[in-house]
Structures are given as C-alpha cells and as structure tokens.
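Biologist: I would like to learn how to read side-chain pairings in a model. Can we work through a case together?

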Amino acid sequence: MSAPGGVGIRGRAAGTDHAGHSLAFLIDDYPTMSHMCDDMMTGNNTSGQVGVWGMTFAVIGAGGVTRIASEAGHPGIWRMTTDSVADGNHGLFTWTGNAHHLNSETFDLLVNCRWNQINTTVRHRVGFGSSAEPPVDGMYIEKLAADTSWFGVCRASSVETRTAALLTADTSFHTFRIRRLNSSTIGFTIDRGEEALVTANIPTAVTNVIVYVETAEAVAKTLDFDLIDYLVTGMTARV
C-alpha cells in the first residue's frame with residue numbers, strides 16, 4: 001500500500017470487518033493475508049458463474065439453481081433445489097476448479113445460508129470438504145437426517161470428532177463460522193454463539209468450501225445461499 005506520491009505507509013490496523021472478523025495486522029503485510037467476500041449479488045445460474053467468485057454447483061438429478069428475490073439484510077440469494085428422488089440426490093455449492101483450502105493455514109470462514117426444510121429426511125452441511133457423503137476429509141457444520149440440531153465436525157481419513165449440539169436447526173438464515181484458533185484447535189460457531197472446540201481428527205488434506213443439501217425422500221429440498229467470507233492470515237511464504 002502506498003500514499004500519494006509513492007510515500008510508503010507503515011502502521012497497524014485493528015478492528016472488525018463487516019462479517020465480524022477480528023483483524024489486527026501491519027498495513028504493509030498484505031502479502032501475508034488473503035480475504036475474499038461474496039454477497040451473491042452477481043452472476044448467473046451457470047456453474048462456474050455464481051457470484052463474484054464464480055462458484056460452481058453440482059445438482060444430482062433434475063434439481064437446479066435459481067436466483068430468488070432479495071430479503072431484508074440479504075441482498076443476494078441463490079437457491080439450490082435437489083431432485084425429488086430419495087438419497088444420493090443433492091445440491092452443492094463450491095469453489096471453481098481444484099480444491100485449494102489448505103487446512104493447516106490460519107483461516108476464518110463465515111457462511112450465511114438457510115435450509116428451508118428441517119425434518120428427518122434432509123441433510124445439511126457447510127464448511128470445508130467435498131461432494132462425498134460424508135466427505136473423507138473435512139471441517140464443517142452439519143445436520144444429518146436423524147438430527148434436530150447442527151453439530152461441528154472435524155473429519156480426517158473418514159474418522160471424525162463431533163461437537164455437542166451448537167443450535168437447534170430451523171428454517172431461518174444463520175451465519176456459520178469455522179476457524180482455526182491455533183495449530184491444534186478448530187472452533188465452530190453459529191450466530192456468534194458459544195464456540196465449540198475440536199482438537200482431534202483435524203484433516204491435513206486440501207479441501208474446498210462446500211454448502212450442501214441432500215434429500216432422503218422422494219421430495220425436493222432447497223438451500224438458500226447469501227454470503228461467504230473467507231480470511232487466511234499468517235502466510236509467510238510470499239513475504
């Protein structure tokens with residue numbers, strides 16, 4: 001960062017961004033951090049063209065992706081609809097291209113979304129992982145078909161550690177947060193509530209951001225996706 005006339009600026013910035021991240025860093029240390037935010041206000045319903053990031057989507061069967069009307073506090077909303085065939089028919093939003101979230105980085109992920117059905121025939125998942133059901137490796141918040149609440153999960157090589165219930169599942173928009181606190185601890189939060197910590201089965205594999213819905217009955221399910229905010233700090237390799 002430079003001032004007018006090419007005079008360098010050096011100092012320390014601290015505070016929070018619009019998504020609630022706590023930030024503290026040297027202004028001229030921007031090569032050590034990466035921050036991307038997408039309010040889902042642009043793009044179209046072609047895979048690889050959703051939002052500013054050009055997110056991809058996969059719908060197994062006859063489901064699809066549509067833009068729905070904005071709501072108060074949610075200026076851009078994309079809706080994923082599954083097929084109406086039981087099991088294995090899911091919708092998935094993820095980044096374009098190969099998986100590129102390195103789980104060892106110091107990261108902070110927020111996703112604001114809404115699942116429109118809460119019953120024993122729908123599965124939810126948001127965080128890091130893959131399209132596998134369940135992912136072989138991942139860190140995510142989920143509601144399985146038998147659950148009535150959301151839980152945090154760390155999963156490495158198909159072995160997982162699950163938190164206590166974070167929040168009773170409902171059909172409102174919520175902000176789901178997953179972050180690394182230190183080299184051995186991952187935190188899970190919903191709507192800035194109490195943070196649940198996991199120190200076991202933290203994956204080392206490279207993963208991707210996922211926002212996922214699956215139906216376990218012959219009735220379509222929907223997921224509304226509003227915001228993704230992704231922050232990585234402490235990167236020293238490109239200083």
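Biologist: Which side chain does K221 join through a polar contact of 3.1 Å?

Modeller: Two ground rules come before that. This is a predicted model, with local features needing pLDDT of at least 70, side-chain atom pairs counting only at pLDDT 80 or more, and totals for chains, interfaces and linings using all residues. Residues are numbered from 1 along each chain as its sequence is written, and side-chain values use heavy atoms, leaving out hydrogens and water.

Modeller: A polar contact is a pair of N or O atoms within 3.5 Å; within protein, one must be able to donate a hydrogen and the other to accept it, and residues adjacent in sequence count only if both atoms are side-chain atoms. Here the K221 side chain joins that of T215. It also reaches the backbone oxygen of V219 at 3.2 Å.

Biologist: Is K221 buried or exposed?

Modeller: Buried means under 20% relative accessible area, exposed over 50%, partly exposed in between (1.4 Å probe, protein chains only). K221 has 1% relative accessibility, so it counts as buried.

Biologist: How many salt bridges does a search of the whole structure find?

Modeller: Side chains of opposite charge can pair when their charged atoms come close. The criterion is a side-chain nitrogen of Lys or Arg within 4 Å of a carboxyl oxygen of Asp or Glu. The search finds 12.

Biologist: Which residues form salt bridges with E142?

Modeller: R125 meets E142 at 3.0 Å, N to O. R162 pairs with E142 too, with the closest N and O atoms 3.1 Å apart. E142 is buried at 2%, and R125 is buried at 1%. R162, at 31%, is partly exposed.
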